[in-house]
Amino acid sequence: MLNHYTKFLLLSALLCLTLSSHAVDPTNIYPKVKLDTSMGTIVVELDRVKAPITVDNFLTYVVKGEYNNTIFHRIIDDFIVQGGGYDHKFEAKKTGKAIFNESGNGLRNEMGTIAMAKENRPHTANRQFFFNLVDNSSLDPGRNWGYAVFGNIVHGEEVLKAIAKVPTDFNDTLGWNDVPIKPVTIIKATLLPADDNNY
């Protein structure tokens with residue numbers, strides 16, 4: 001029987017193989033991803049050194065086009081903007097296996113960072129992510145597991161601030177509050193070449 005650590009090592013190796021088959025440079029430890037949204041472009045720089053499992057998981061969804069035409073389904077001003085899990089019909093997108101929670105990596109849920117969403121149980125993150133709109137220290141690990149930060153915005157912070165101001169309401173389909181009345185779409189997510197700084 002494999003222990004949890006061995007399983008996560010095997011999962012990480014599998015993710016690396018998946019990424020290499022999609023022309024991802026495994027030596028690029030700070031890859032950048034461009035999110036073309038219906039309100040502008042956001043570019044995030046990911047930290048593969050401190051969050052290797054989380055970054056490789058996120059990049060797997062990116063290179064497969066899984067974030068294309070998804071929405072930011074949860075927007076709470078002065079807190080977070082969350083997305084990556086639903087389409088315009090509020091239908092859940094397919095998910096891969098849940099990943100190990102890397103919230104103890106030293107990265108904090110500070111303004112402008114990107115982190116993985118999860119359920120109450122620690123190792124339940126898969127494809128949904130969120131941006132921190134303020135310093136959310138309550139989401140960092142303490143007595144319990146926190147939410148794993150794996151990068152930060154390097155371009156388009158003003159776009160995120162604009163998204164944060166979008167009107168929201170209760171949504172009957174999803175059954176919760178803070179859902180944008182008018183959809184905010186991730187039109188396309190693109191892994192940028194290592195030397196591309198033209199956003």
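**Note on strand 4 and its surroundings in a predicted model**

1. Within strand 4, Val81 is the bridge partner of Ile75. Helices and strands here are DSSP runs numbered from the N terminus, with H or I over at least four residues for helices and E over at least two for strands. The model is predicted, so that local features need pLDDT of at least 70 and side-chain atom pairs count only at pLDDT 80 or more, while totals for chains, interfaces and linings use all residues. Residues are numbered from 1 along each chain as its sequence is written, and side-chain values use heavy atoms, with hydrogens and water left out.

2. Strand 3 (residues 70-76) and strand 4 run antiparallel and are joined by four bridges; two strands count as paired if DSSP finds at least two bridges between them. The two form a hairpin with three residues between them, and in this turn Asp78 has a positive phi of about 65°.

3. On the pairing with strand 6 (residues 129-132), strand 4 again runs antiparallel to its partner, and four bridges join them. Here Val81 stands opposite Phe131 of strand 6.

4. Which residues of strand 4 point one way, and which the other? Ile80 and Gln82 point one way from strand 4 (residues 80-83), whereas Val81 and Gly83 point the other way, and all are buried, that is, under 20% relative accessible area, with exposed meaning over 50% and partly exposed lying in between (1.4 Å probe, protein chains only). In a regular strand the side chains alternate between the two faces of the sheet.

5. Pro52 lies in helix 2 (residues 52-63) and is partly exposed, its relative accessible area being 29%. Leaving aside residues up to four places away in sequence, Pro52 touches Asp47 and Glu102, where contact means heavy atoms within 4.5 Å. Although Pro52 and Glu102 are 50 residues apart in sequence, their C-alpha atoms are 8.6 Å apart in space.

6. Val49 is placed in the loop between strand 2 (40-46) and helix 2.

7. For the protein chain as a whole, the secondary structure comes to three helices and ten strands, and from the N terminus on the elements run α-β-β-α-β-β-β-β-β-α-β-β-β. Of the 199 residues, 48% are buried. Among contacts between residues at least 6 apart in sequence, 69% join residues at least 24 apart. The chain exposes about 10200 Å², of which carbon and sulfur atoms supply 52%, with accessible areas taken from the Shrake-Rupley method with a 1.4 Å probe and, for residues, only the protein chains shown counting as cover.
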